[in-house]
Amino acid sequence: MGSNTVMDQVWPRTATWAEGELRLGGLGVRHLAAEFGTPLYVLDEDDFRARCAAWPAAFPGGDIHYGGKAFLAPAVVGWLRELGLSLDVCSGGELAVARRGGMPAERVVFHGNNKSVAEIRDAVRWGIGCVVLDSFQELERVADVAHASGVRQAVMIRVKPGVDADTHASWATGGENTKFGLSMASGEAAEAVRRVLAEPSLELVGLHSHIGSQIFDLGSFATAAHRMVGFLREVEREHGVTIGKLDLGGGLGVPYLPGEKAAPTPAELAEVLRAAVPADVRIALEPGRSVVGPTTVALYEVGTVKGRYLSVDGGMSDNPRPATYGAAYTAVLASRTSEAAARNFTIVGKHCETGDILVDGVDLPGDVRPGDLIAIPCSGAYQRSAASNYNLLPRPPVVAVRDGVARTIVRRETEEDLLRLYV
């Protein structure tokens, strides 16, 4: 890279190449690594805020629930609150972070296919805005907790629309063979509607579907929307009720490699959904990866170079996606320029696994050496949130950068943190 390099779409919006290094939010990676260490996630706060703001702008009058499972921290909750977005959570831990971050309870939606009674009780007593029902057993649990708490709990029913989105099998969640939701085709969803309407402690405020993630074909969203609108109208006719909301989930894809197809924009999705959903039905959406994914860069230090293998100080514990689904990433030498001829390297981690590969083949300067910094873009979604302590490696911190200022929003784990768990 050189000083005139144009950063590809996989990099955050403030990413530049200046003074011989990659700069993010006005700060060079050498400074960031020296201050915070590596491995390190660097989150471009301006990029995150801009991506958030694009959603309500595209869906005025709709509800935008950020999908917290992609990445969540109290600081992020604060940004969402400030920008007027709501939040999806899917566990008691995510619920606790929502509360710590100051999100109003009424702007939180609780997902999950097996919420415990304790989690449901905490959510209902807090005054959570909506619980998404995923099974008949869960319907009964929420009704019982709401009754015991003396409240009428707002709920949505998660429906399988029977749409097999064009994505990795692990990310498809709208077909008949997924663990999520109740089948429209079998009549399960219709029966769930009847049971909710018969429960005095439950209020049916909408229907929910989610067809998967990392989806580029907007036609899949249109198909799901048409099916869900048809089901919604059937319910309204049968029961003489008005269901004012249709939550169509998230799932917009983002490119991970230079030159890949550009991500669909919220405005493009809005055009598709406006054609499928009547004006009297309020649309709710749940972007996660498409908001946070491109905002974050993972920064590593090179430890060894052995043939084509370039080993860094992180690995599958801080990014399990390549080992889990073969996810592909790119990388650059970020801490200096080089005129050396390019060589093709495989970037590997430090774990005791042959499959501990972060980038399976990328051209880097042939003189890359220990101490160099390697940057991997599009590292914001499902990396820190899915990170583990495999080989007892402490998890990396997340640092937000903006206007030349860096601040830690998730601190680095320490060996002391790990040792506290042992008895």
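Author: Arg420 is exposed, with a relative accessible area of 60%. Please keep in mind that this is a predicted model.

Reader: Which residue forms a salt bridge with Arg420?

Author: The partner is Asp417, and the closest N and O atoms are 2.6 Å apart.

Reader: Is Asp417 buried or exposed?

Author: Asp417 is buried, because its relative accessible area of 14% falls under the 20% limit.

Reader: How many salt bridges does the structure hold?

Author: The structure holds 22 salt bridges. One of them joins Arg233 to Asp280, with 2.8 Å between the closest N and O atoms. That pair links distant parts of the chain, 47 residues apart: Arg233 belongs to helix H8 (residues 218–239), and Asp280 to the loop between helix H9 (266–276) and strand E13 (282–285).

Reader: What about the accessibility of Arg233 and of Asp280?

Author: Arg233 counts as partly exposed at 22% relative accessibility. Asp280 is exposed, its relative accessible area being 54%.

Reader: Which residue pairs with Arg336 in a salt bridge?

Author: Arg336 pairs with Asp367, and their closest N and O atoms are 3.3 Å apart. Arg336 counts as buried at 14% relative accessibility, whereas Asp367 is partly exposed at 29%.

Reader: Which residues are linked in a network of salt bridges?

Author: Such a network links Glu45, Asp46, Arg49, Glu82 and Arg402.

Reader: Let us turn to rings. How many aromatic pairs are there?

Author: A search of the whole structure finds four aromatic pairs. One of them is Phe48 with Tyr66, an edge-to-face pair with centres 5.8 Å apart and planes at 70°. Phe48 lies in helix H2 (residues 45–58) and Tyr66 in strand E5 (residues 63–67), so the pair ties together parts 18 residues apart in sequence. Both Phe48 and Tyr66 are buried.

Reader: New topic: where does His210 lie?

Author: His210 lies in the loop between strand E11 (202–208) and H8. His210 is buried, with a relative accessible area of 11%. Its side chain reaches the backbone oxygen of Gly212 at 3.2 Å. A polar atom of the His210 side chain also lies 3.1 Å from the backbone nitrogen of Gly250.

Reader: Finally, what is the order of the strands in the open sheet of three strands?

Author: The order is E1-E2-E3, with antiparallel pairing. Strand E1 (16–18) and strand E3 (27–28) are the edge strands, as each pairs on one side only. E1 pairs with strand E2 (residues 21–24) over three bridges.

Reader: Which residue in E2 is the bridge partner of Trp17?

Author: The bridge partner of Trp17 is Leu22.

Conventions
Residues numbered from 1 in each chain as written. Predicted model: local features only at pLDDT ≥ 70, side-chain atom pairs only at ≥ 80, totals over all residues. Heavy atoms only, no water. Salt bridge = Lys/Arg side-chain N within 4 Å of Asp/Glu carboxyl O. Helix = DSSP H or I, 4+ residues; strand = E, 2+ residues; numbered from the N terminus. Buried < 20%, exposed > 50% of the residue type's maximum accessible area, 1.4 Å probe, protein only. Polar contact = N/O pair within 3.5 Å; in protein donor to acceptor, adjacent residues only side chain to side chain. Pairing = 2+ DSSP bridges. Phe/Tyr/Trp six-rings, centres within 6.5 Å; stacked < 30°, edge-to-face > 60°.
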